[in-house]
Amino acid sequence: MTKEPETLIEAIRYFTDPDACLNLMIELRWPDGVVTCPTCGSAEVGFLKNRRLFQCKTKHPKQQFSVKVGTIFEDSPISLDKWLSAMWMIANDKNGISSYELARALGVTQKTAWFLLHRIRLAMQQGSLDKLDGTVEVDETFIGGKARFMHRDRQSRAVNGRGPIGKTAVIGLLDRHGPRWS
Ligand SMILES: [Zn+2]
């Protein structure tokens, strides 16, 4: 798919494609394109195409891992398409979205929607999608839009849009110890 989602319907449809979700997550978590093992940090990682799992080449527990491992999405049975659609909605909504609106749009219960909203907003507040220590930070940049959730000190940092939703909202995960995009 080459067209970027511009409306909610398009975004939800877009994220029903598991490869689209996978590719976006890879881009968010590993902006330089090098997937590293969340357990040992090795970059010697293979990909099991059929299961959409990565496999570290070093022998240790949790050798296989999904893109959710190590993020706020990890402990939740909620599928990645719902998480990413919810993030898209929060990033693009001008007036602040309610859990009722989110529930209707995603076809989940209001309780689930509330959980999604709460966790995503918390992640935005703490500036990290990482559930453990703050080794990665989330940096939202809205290209041609409002930077509602962006921390003031980051608003000046211009980041070029990348990836499937680049023009609308870029939620860039920047490695705190690595090179920045700006
Ligand atoms: Zn490993």
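Colleague: Which hand does the crossing of α2 and α3 have, left or right?

Modeller: This is a predicted model, in which local features need pLDDT of at least 70, side-chain atom pairs count only at pLDDT 80 or more, and totals for chains, interfaces and linings use all residues. Residues are numbered from 1 along each chain as its sequence is written. A crossing is left-handed if the near helix is turned anticlockwise from the far one by less than a right angle, and right-handed if clockwise. By that convention the crossing of α2 and α3 is left-handed.

Colleague: At what angle do α2 and α3 pack?

Modeller: Two packed helices are described by the angle between their axes and the distance between the axes. Here the axes are lines fitted to C-alpha atoms, for helices over the stretch in contact, and angles run from 0 to 180 degrees between N-to-C directions. The axes of α2 and α3 are 10 Å apart, and the angle is about 60°.

Colleague: Which residues of α2 and α3 make this contact?

Modeller: Two residues are in contact if their C-beta atoms, placed from the backbone, lie within 7 Å. From α3 come L80, D81 and L84, and from α2 come C21, L24 and M25.

Colleague: How many residues of the contact of α2 with α3 are nonpolar?

Modeller: Ala, Val, Leu, Ile, Met, Phe, Trp, Tyr, Cys and Pro count as nonpolar, Asp, Glu, Lys and Arg as charged, and the others, Gly among them, as polar. The contact of α2 with α3 has one charged residue and no polar residues, while the number of nonpolar ones is five.

Colleague: In what order do the elements of the protein chain run?

Modeller: Helices (H or I, at least four residues) and strands (E, at least two) are DSSP runs, numbered from the N terminus. The protein chain has six helices and five strands. Read from the N terminus, their order is α-α-β-β-β-α-α-α-β-α-β.

Colleague: What end-to-end reach does α3 have from its first C-alpha to its last?

Modeller: The expected span of a helix is 1.5 Å times one less than its number of residues. Helix α3 covers residues 80-92 and has 13 residues, with an expected span of 18 Å. The model comes close to this, since the first and last C-alpha of α3 are separated by 18 Å.

Colleague: How many of the 13 residues of α3 are buried?

Modeller: A residue is buried if 20 or more other C-beta atoms lie within 10 Å of its own, exposed if 12 or fewer, and partly exposed in between, with C-beta atoms placed from the backbone. Among the buried residues of α3 are W83, W88 and M89. Helix α3 is largely enclosed by the rest of the structure, because the number of its residues that are buried is 12.

Colleague: How are α3 and α4 oriented to each other?

Modeller: Helix α4 (residues 99-106) packs with α3 at about 135°, and their axes are 11 Å apart. Angles under 35 degrees count as roughly parallel, over 145 as roughly antiparallel, 65 to 115 as roughly perpendicular and the rest as oblique. The orientation of α3 and α4 is therefore oblique.

Colleague: Which residues of α4 does α3 meet?

Modeller: The crossing of α3 with α4 is right-handed. The residues of their contact divide into five nonpolar, one polar and one charged. On the α3 side stand K82, S85, A86 and M89, and these meet, in α4, L102, A105 and L106.

Colleague: What is phi of R52, and where does this residue lie?

Modeller: Most residues other than glycine have a negative phi, and most peptide bonds are trans. R52 is not a glycine, yet has a positive phi of about 50°. R52 lies in the loop between β1 (45-48) and β2 (53-56).

Colleague: Does K62 count as buried or exposed?

Modeller: K62 also has a positive phi, near 60°, without being glycine. This residue lies in the loop between β2 and β3 (64-65). K62 has 11 C-beta neighbours inside 10 Å and therefore counts as exposed.

Colleague: What distance separates the C-alpha atoms of Q55 and V45?

Modeller: Q55 lies in strand β2. Not counting residues up to four places away in sequence, Q55 touches V45, G46, L48, Q63 and Q64. Q55 and V45 are 10 residues apart along the chain, and their C-alpha atoms are separated by 5.5 Å.
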